[in-house]
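Student: I've just opened this one and I'm new to it. Can you walk me through how we know what we say about it?

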Amino acid sequence: MIVSFRLNGAETSFRANHPVSLLDVLRDELALPGSKSACEQGECGSCSVILDGELVCACLVMAVDVEGSDVTTVEGIAPSGGLHPVQESLNRAGGVQCGFCTPGFVVAAADLFERNPRPSTAEIKEALAGNICRCTGYGAIVRAFERLAGREAP
Amino acid sequence: MTTETGRRSTVRDGIGESTIRPDGIPKLTGSFEYAQDLHAEGMLWGTTVRSPHPRARIVSIDIAPALAIGGVQAVLTQDDVPGRAMFGLEHPDQPVLAQDEVRYWGEPVAVVAAEDEDTARRAAAAVVVEYEELEPLVDPEEADRRGEVFRRLRIRRGDQDSAGPVVVEGYYEVGMQDQAPLGTEAGLAVPDGHGGVDLYATSQYVHADHEQVVASLGLRPDQVRSHPVGIGGAFGAREDLNLHIHLCMLALHTGRPVKMVYHRDESFTGHVHRHPARMWYRHEADTDGRLVRVEARLLLDGGAYASTTAAVLANASYFAVGPYRCDSVAVDGAGTRTNNPPCGAMRGFGAVQVCFAHESQMDRLAAAVGLDPLELRRRNALATGDRMSTTGQLIETPLPVTEVIDSLSAMPLFAAEPGDDPMALPGGSGLTTEAVHVRRGIGYALGLKNLGFSEGYDDYAQARVRLTADGVVIETAAIEVGQGLVNVLAQIARTVLGVSRAEVRHVDTSQIDSAGSTSASRQTQLSGGATHQAAVRLRERILVGHGGDHLDDAGVWSGDTLVTPMSQLVTESWEETATFRHPPTEKPDADGQGTMHADFAVAGHRAVVDVDPDLGLVRVVRIDTAQDVGRALNPESIRGQIEGGIMQGVGLAVMEELVLDQGRIRNATFTDYLLPTILDAPDVEALLIEQDGSWGPFGAKGVGEPPTISSTPAVASAIRAATGKELNRVPVRPQDIALSGDAV
């Protein structure tokens, strides 16, 4: 069947011939490899996307279920030609190492700041608890978003 | 020649600056290309048929049902390996594909290439392998008794009859940890049309991959090019080959590009793990706490194949006493061969396991002689000019053990009480405990490790530095695993050459000699050393060639006169290649004595934990650390290594373990193998101890591993302090706290 949806602001469609996840379609069919496949069971958040305003793991969404929906991936988070503030703050704080988890953190943090522009440290941690980073120990990631929230640690 | 006078410029983003990494923005926007993202026109997908048994005889393999599936282009077994049937990083003892017998659960038996991934996986399932199951050897002590060992190492130093009045004995275990890099194993092999192949695959060491791939393909070295690619973390998991030869075999057999990406469960079986360890210790000391004798027996399980077990065992044995003086030492180490999953490199490489044991012993010794745990360590602290207690090696580079202890001791102790916020209590969002049930504990630990490869290995790195119209270009085959080598090499070149624009370019094995492995905390010192040497030579040549005494962004200066502007200078060809070697090391004698190591680093950790003893739940609240870094070339990157390394050490202390059942991994998923989340992350305060004198560029030392080594025992010590339990095993599980006996 043909599935039509809105992807990063543009009308898009793909053919779904067999059961496949939204993540696989994004990466393999729609040439958007920014969403990463790391655990395939919704544990690590590396494939986080925003589906109709809600933060989800694309590996847990059946591709056919996005018919008529609005999906934003890491490739669609930033204004064209620039960086989203969460990207800017992660970059400056040293919050990127191997970078494999980074797109997921970007999407999850963009979702957080959309809902809550001045999150507390506890709110930042709670919002990002579904994203695993194996490199940074999370310190630089927390500092990045504390600064963005105007709540720099004293 | 254009001349002008003016002010010399100061280089931007040189050493000592926390420069922003050049690959940050592509990684943040999703455009950075990882091995998983590679694509080639007309490519096939590969997949692997794996053994469902930890040990079995292969009676027969029938590939016909798989070949009959439409879209399947190749099914290959051991009979199709064109060259050497075996591979291995140190010893080629591992079959490329199993032949007569499978020796661990998940061992590759056949590989498949098909038009798409689903077809490849269906075909893999259709290969019929008839096995005759055999009794697996899974107990390392039984393996030791049977002589199934990859290496034994015996260390005897000093008077073997020395004895002290205070004796502490203990038995300790460390579970099998996994590196769990976020990116799984992945790669693409592209046939070159002339019988050769280009390999783009996850790796920490492309030249070692190349050597093994060439041997098993039966090709000339120039027929294979191994390319560095973007990888999602490593931590030791990518030193050994896994899919590399398979991909090349499939590509050469089909004449088409072949891609393979391990799923997470395959990744857990497809790479080596941290060696689980059993350790028996006896410390004897004077009544004032000074060590008189240390005896240790170490058993590390290497699993089915050699990988780097011999070197991991060596590290465990050489660092069995920790950063302490002792003139009477006996260590007997063995790395066993079993039918458990193969073990090899993971951050800390043998020093992690023994650190848990020797630090637990030091705590018990402190209690036995009635000393503060840091004071006991201070009295025994090793220093430059001392001899290593195990190997007798004279320590010639800076080793600030006392400074680490003093710094740690001077750091303000985290004092905030556990509040009522359930998110900040053990159990966190599970809302399982209340502040009234929580007990606070504080623990300390110190760790010591070698930097670079040891035991006489010819450890070197090559780098090429060019000055071009686009600025300075540093070419290297060193792998960026996320640690920030792309920053540090550029910073070194900028500082030496005085030119602010510099970038690192990763080139393949045909374009440059080896940079060695991105492991053993070695690339800042080794590839950094090569970059430094090449840049120094290039600067000298430029200054001599243009009669100048200073080089910077403007060009070549003589006094206050700009003798050659940069725009003119870069019209000439400027290139220098350097190969950097660290001071030579040697193999041990029959007593394990000798100069086996090129350099050392020490770190210390103080852990503050909150524990609900009834539920066995732990929250690691805070880690303070002081670390010997030589010279800090990029403080923010070092902080990133420290915080990330500590998180892996905390993971080993309280949650991370591959659970085995008769050789089978029972938790090969991210649901069941617990990884620390942002809610598990302690606040970290880090002090960098800088001392001149190491042979790294500008005196830099490697920094990647020390954070992982002593953070684990510091947390275990803190849990003991909070609960009074003995806790001789990490990870400390809830039942170990809630159900075990008190310390005696």
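This is a predicted model: local features need pLDDT of at least 70, side-chain atom pairs count only at pLDDT 80 or more; totals for chains, interfaces and linings use all residues.

Student: What makes helix 6 of chain B count as mostly covered?

Tutor: Nine of the eleven residues in helix 6 (residues 244–254) of chain B are buried. Among them are B:His244, B:Leu247, B:Cys248 and B:Leu252. A residue is called buried if 20 or more other C-beta atoms lie within 10 Å of its own.

Student: What does B:Cys248 touch, apart from its neighbours within four places in sequence?

Tutor: B:Cys248 is in contact with B:Ala189, B:Val197, B:Leu199, B:Val213 and B:Leu217. B:Cys248 also belongs to the largest nonpolar core, which has 286 residues, and is one of those that touch the most other members, along with residues including B:Ala110 and B:Ile719. As a general rule, in soluble globular proteins nonpolar side chains tend to be buried together.

Student: Why is B:Ala515 called buried?

Tutor: B:Ala515 has 29 C-beta neighbours inside 10 Å, and the cut-off is 20 or more, so B:Ala515 counts as buried. Its place is in the loop between strand 22 (502–506) and helix 13 (523–546) of chain B. Not counting residues up to four places away in sequence, B:Ala515 touches residues including B:Ala461, B:Thr476 and B:Ser527.

Student: How do you know whether chain B as a whole agrees with a compact globule?

Tutor: Set the two values side by side: a compact globule with 744 residues would have a radius of gyration near 27 Å, and chain B has 27 Å, so chain B agrees. The C-alpha trace of chain B spans about 80 × 75 × 55 Å along its principal axes. Buried residues make up 62% of the chain. Chain B has 18 helices and 32 strands.

Student: Why is one side of strand 10 and of strand 32 of chain B left without a neighbour in the sheet?

Tutor: Six strands of chain B form an open sheet in the order 10-18-17-16-11-32, with mixed pairing. Strand 10 (149–157) and strand 32 (729–730) of chain B stand at the edges with a single partner strand each, so one side of each has no neighbour there.

Student: How do you know that strands 11 and 16 of chain B pair?

Tutor: Pairing takes at least two bridges. Nine bridges join strand 11 (residues 166–174) to strand 16 (residues 277–285) of chain B, so they pair, and they run antiparallel. In that pair, B:Val167 stands opposite B:Glu284.

Student: What makes strands 24 and 25 of chain B a hairpin?

Tutor: Four bridges join strand 24 (residues 555–558) to strand 25 (residues 561–565) of chain B, and the two run antiparallel. There are two residues between them, and B:Gly559 in the turn has a positive phi of about 60°. B:Ser558 has B:Thr561 as its bridge partner.

Student: How many residues does each chain bring to the contact?

Tutor: Chain B gives 45 residues and chain A gives 40. Helix 15 of chain B gives the most to the side of chain B that touches chain A, with seven residues. By class, that side of chain B has 19 nonpolar, 19 polar and seven charged residues.

Conventions. Residues are numbered from 1 along each chain as its sequence is written. Chains are lettered from A and ligands numbered from 1 in the order in which they are written. Two residues are in contact if their C-beta atoms, placed from the backbone, lie within 7 Å. Ala, Val, Leu, Ile, Met, Phe, Trp, Tyr, Cys and Pro count as nonpolar, Asp, Glu, Lys and Arg as charged, and the others, Gly among them, as polar. A nonpolar core is a set of buried Ala, Val, Leu, Ile, Met, Phe, Trp, Tyr and Cys residues joined through C-beta atoms within 7 Å. A residue is buried if 20 or more other C-beta atoms lie within 10 Å of its own, exposed if 12 or fewer, and partly exposed in between; C-beta atoms are placed from the backbone. The radius of gyration is taken over C-alpha atoms; the globule rule is 2.2 Å times the number of residues to the power 0.38.
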